[in-house]
Amino acid sequence: MTLTSSADRARPTAAGPRTDSGRPGSPRRARPSGLAARTAWIIVLGLFLLFFVLPVIWLLLAPAKSDGQILRGAPFALGSLGGLADTWHNLYSFQDGAILDWLKNSALYTFGALVITLVTGIPAGYGLALTRFIGRRLLLTITLLVMLMPSAALVLPLYLEVNAVHLDGTIWSVILPFSFFPFGVYLTYIYFSSNLPGDLLAAARIDGCSEWQVFRLIALPLAKPVVALVGFFNFVGNWNNFFLPFVMLPDSSQYPAQVGLSNLLTSSSVFNTSAGVGNQIMRPELALAALITIVPVLVVFLFSQRALVSGMLAGATKE
């Protein structure tokens with residue numbers, strides 16, 4: 001009789017292939033590879049990238065071509081500086097330089113509303129965050145509900161209100177509704193209630209600072225990132241707003257750029273057959289006008305992106 005140790009009895013034999021669990025005789029289970037999943041994700045992201053980038057490339061190239069080159073030539077063929085100059089001349093000739101008037105109006109409405117928003121919204125968020133008063137919770141709830149409402153749903157009530165005080169058709173009929181920005185108030189409230197050092201404010205009050213001095217000298221300098229964030233969102237939303245100025249302003253000379261673009265579309269024979277064959281507003285002019293109205297938003301974003309990132313991360317931690 002041959003004696004075997006317990007270690008020898010536990011050692012697997014050659015009776016069958018070893019599996020990951022150590023049992024002989026059962027087939028090895030293949031591990032799924034992530035290569036196929038990564039390839040599929042790359043293909044999907046590439047398709048989305050093409051879907052969004054190709055129209056932008058076409059829009060950048062279109063103003064340097066003639067309308068015939070856009071229709072009959074290659075979609076992404078390069079144009080010429082002469083074609084770009086002709087396109088600008090045709091666009092500028094429309095209603096004696098109306099495109100520049102529309103840009104000036106957009107700047108006036110947007111920056112006027114931005115100043116009012118920052119002057120009123122930042123202190124409002126500070127007051128909601130750091131003071132306790134009757135009706136505070138109700139006011140926060142109303143602010144949140146109004147913030148979630150579609151802006152188009154408020155245009156008719158705002159028009160009736162502006163008309164009641166005889167401001168319709170004036171610049172204030174656009175600036176005052178633009179400055180109504182509950183999202184900025186709520187964003188400022190979140191920042192001040194979660195990211196502002198309470199001990200620092202208490203020390204300032206002990207040193208004899210009034211509540212206004214605490215806000216102006218302590219809280220406001222610390223809130224520069226969220227102020228930049230509120231200002232950027234307000235600027236972009238007001239610059240791209242179409243429906244409210246379209247309802248409030250009766251005269252095309254008062255239109256901002258976004259409403260002016262619709263005026264260009266209706267004046268072009270490409271989209272309106274009754275506009276006339278000899279009209280100079282064609283596809284290159286429309287593309288150039290769209291690019292011109294986008295440039296201010298891009299410039300503001302490029303110069304404020306560091307402050308935007310700081311503002312988005314400002315409320316990520318609690319005291």
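1. In this predicted model, the side chain of Thr 143 has a polar atom 2.8 Å from the backbone oxygen of Leu 139. Thr 143 belongs to helix 6, which covers residues 136-148.

2. Thr 143 has a relative accessible area of 12% and is therefore buried, the cut-off for that class being under 20%. Leaving aside residues up to four places away in sequence, Thr 143 touches Pro 182 and Tyr 186.

3. On charged pairs, the structure has two salt bridges. One of them joins Arg 283 to Asp 67, with 3.1 Å between the closest N and O atoms. This pair connects distant parts of the chain, 216 residues apart: Asp 67 is in helix 3 (residues 67-72) and Arg 283 is in helix 15 (residues 283-314).

4. The partners in that bridge fall into separate accessibility classes. Asp 67 is buried, because its relative accessible area is 16% and the class takes values under 20%. Arg 283 has a relative accessible area of 26%, so this residue counts as partly exposed.

5. Arg 205 and Glu 211 form a salt bridge through their side chains, with an N to O distance of 3.0 Å. Glu 211 is partly exposed, at 36% relative accessibility. Arg 205 is likewise partly exposed, with a relative accessible area of 34%. Both assignments follow because partly exposed covers the range between the buried limit of under 20% and the exposed limit of over 50%.

Terms used:
Residues numbered from 1 in each chain as written. Predicted model: local features only at pLDDT ≥ 70, side-chain atom pairs only at ≥ 80, totals over all residues. Heavy atoms only, no water. Helix = DSSP H or I, 4+ residues; strand = E, 2+ residues; numbered from the N terminus. Buried < 20%, exposed > 50% of the residue type's maximum accessible area, 1.4 Å probe, protein only. Polar contact = N/O pair within 3.5 Å; in protein donor to acceptor, adjacent residues only side chain to side chain. Contact = heavy atoms within 4.5 Å. Salt bridge = Lys/Arg side-chain N within 4 Å of Asp/Glu carboxyl O.
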